[in-house]
Amino acid sequence: MTDLPRGALAALVTPLDDALEPEAETLIAHGRWLLAHGCGGLVLLATAGEANSLSLGQRLRLIEAAARGGLPMARLIVGGGACALDEAVTATKAIVAAGAAGVLVLPPFYYRDASEDGLFRFYAALIERVGEPRLRIVLHHRPQASGAAITDALTERLKTAFGAIIAGVQNGAGDWPTTKALLERFPDLAIFSGTERFLLETLRAGGRGCISATLNLTAPLAGTIATAWQSGEADMLQARLSAIRQVFDGFSTPAVQKEMLVRLSGKPHWRNLLPPLLPLAAPQTAELIRRLDALPGWRDLAAAQAG
């Protein structure tokens with residue numbers, strides 16, 4: 001098994017100022033809070049972090065800021081995927097140099113008819129051009145966004161060709177059957193669910209944990225499950241966590257997480273999103289609050305975050 005972080009990993013949302021530039025200080029403070037309140041690790045510059053809407057320069061500056069700002073890079077996985085191979089290589093080299101535990105790599109997401117051979121060629125070229133034996137890649141299976149599936153056959157080919165460099169898979173499709181199949185076929189890889197709804201099942205089946213944007217808000221509860229997944233109360237806690245996640249599933253990510261961070265932190269900049277994304281409309285926010293307030297445990301989570 002790899003040295004990738006374990007348990008509940010928050011896919012960090014990226015705070016932006018009014019000029020739509022990333023606010024590194026706010027991001028680092030938020031990351032430190034999450035690590036101190038249940039997260040086994042963090043995922044920087046993934047889908048929830050609007051990484052694909054940030055320039056390469058902005059991403060590189062955030063990677064450098066995270067390392068210099070004292071975030072424990074050994075507990076971070078950082079997104080290094082890009083449509084352009086050269087950008088993916090540059091970002092991945094910077095992530096490895098910063099000491100991150102792994103690189104989350106989404107396949108190129110513009111050409112929707114990319115074949116398995118084409119995707120293999122992309123990952124192979126990335127690995128060869130980075131040329132770093134310390135590289136540990138987490139393949140990002142998110143076909144609903146990328147249009148390109150990380151199939152079992154592709155994973156097997158990459159493992160055979162590159163060994164330990166292929167360290168894990170995140171099932172960003174969000175379903176249990178795919179995660180279960182990955183766990184059964186690749187017990188030597190770090191398998192992450194893309195939703196905390198299956199955190200307990202994933203851990204019990206030998207998986208690494210979950211990567212989720214909603215953990216920006218539910219870290220204390222998820223962290224309790226991740227550390228006490230063999231306890232008698234784990235099923236009850238998972239049911240509570242799943243109910244909260246199900247509410248969030250009805251709204252757009254990362255707009256819904258950012259809206260709640262505004263309300264909990266009192267910092268309006270959390271609401272800023274890069275185009276074409278839009279903040280939640282007022283009626284959506286009212287419905288979100290109504291549904292969350294009806295759930296056991298949400299008020300305690302909100303109070304912890306606000307404190």
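Q: Which residues lie nearest the centre of the largest pocket, and how many residues line it?
A: A pocket is an open set of points on a 1 Å grid over the protein atoms alone, with protein on both sides within 12 Å along at least five of seven lines; lining residues have an atom within 4 Å of a point. In this predicted model, 25 residues line the largest pocket. Arg142, Gly194, Ala213, Arg245 and Thr253 lie nearest its centre. β8 (209-212) and α10 (234-248) each give the lining at least two residues. Helices (H or I, at least four residues) and strands (E, at least two) are DSSP runs, numbered from the N terminus.

Q: What ground rules apply to the numbering and the model?
A: Residues count from 1 along each chain as its sequence is written, and side-chain values use heavy atoms, without hydrogens or water. Local features need pLDDT of at least 70 and side-chain atom pairs pLDDT 80 or more, while totals for chains, interfaces and linings use all residues.

Q: What volume does the largest pocket have, and how do its lining residues divide?
A: A volume is the space filled by probe spheres set on the grid points, which are joined across faces, edges and corners. Here it is about 410 Å³. The lining has eight nonpolar, 13 polar and four charged residues. Nonpolar covers Ala, Val, Leu, Ile, Met, Phe, Trp, Tyr, Cys and Pro; charged covers Asp, Glu, Lys and Arg; the others, Gly among them, are polar.

Q: What volume does the second largest pocket have?
A: About 310 Å³. Its lining has 15 residues, and Thr47, Glu50, Asn52, Ser53 and Ala145 are the closest to its centre. Seven are nonpolar, five polar and three charged.

Q: How many cavities of 30 Å³ or more does the structure hold?
A: In a cavity, a 1.4 Å probe fits but cannot get out. The structure holds one of that size. The volume of the largest cavity is about 90 Å³. Its lining includes Leu45, Arg59, Leu104 and His140. By class, five lining residues are nonpolar, six polar and one charged.

Q: Which strands make the closed barrel?
A: Strands of a sheet pair through backbone hydrogen bonds, either parallel or antiparallel. Two strands count as paired if DSSP finds at least two bridges between them. This barrel has eight strands, in the order β1-β2-β3-β4-β5-β6-β7-β8, with parallel pairing.

Q: Which strands pair with β6?
A: β5 (residues 137-141) joins β6 through five bridges, and Ile137 faces Ile166. β7 (residues 190-193) pairs with β6 over four bridges. There, Gly168 stands opposite Ala190, and Asn171 stands opposite Ser193. Six of the six residues of β6 (166-171) are buried. Buried is under 20% relative accessible area, exposed over 50%, partly exposed in between (1.4 Å probe, protein chains only).

Q: Where are the cis peptide bonds?
A: Most residues other than glycine have a negative phi, and most peptide bonds are trans. A cis bond joins Thr253 and Pro254, with omega about 5°. Pro254 sits in the loop between α10 and α11 (255-265). Another cis bond joins Pro275 and Pro276, with omega about 10°. Pro276 is in the loop between α11 and α12 (282-293).

Q: Is Leu20 buried or partly exposed?
A: Leu20 counts as partly exposed because its relative accessibility is 25%. Its phi is positive, about 65°. Leu20 lies in the loop between β1 (7-11) and α1 (24-36).

Q: What about Leu45: buried or exposed?
A: Leu45 counts as buried, at 2% relative accessibility. Its phi is also positive, near 60°.
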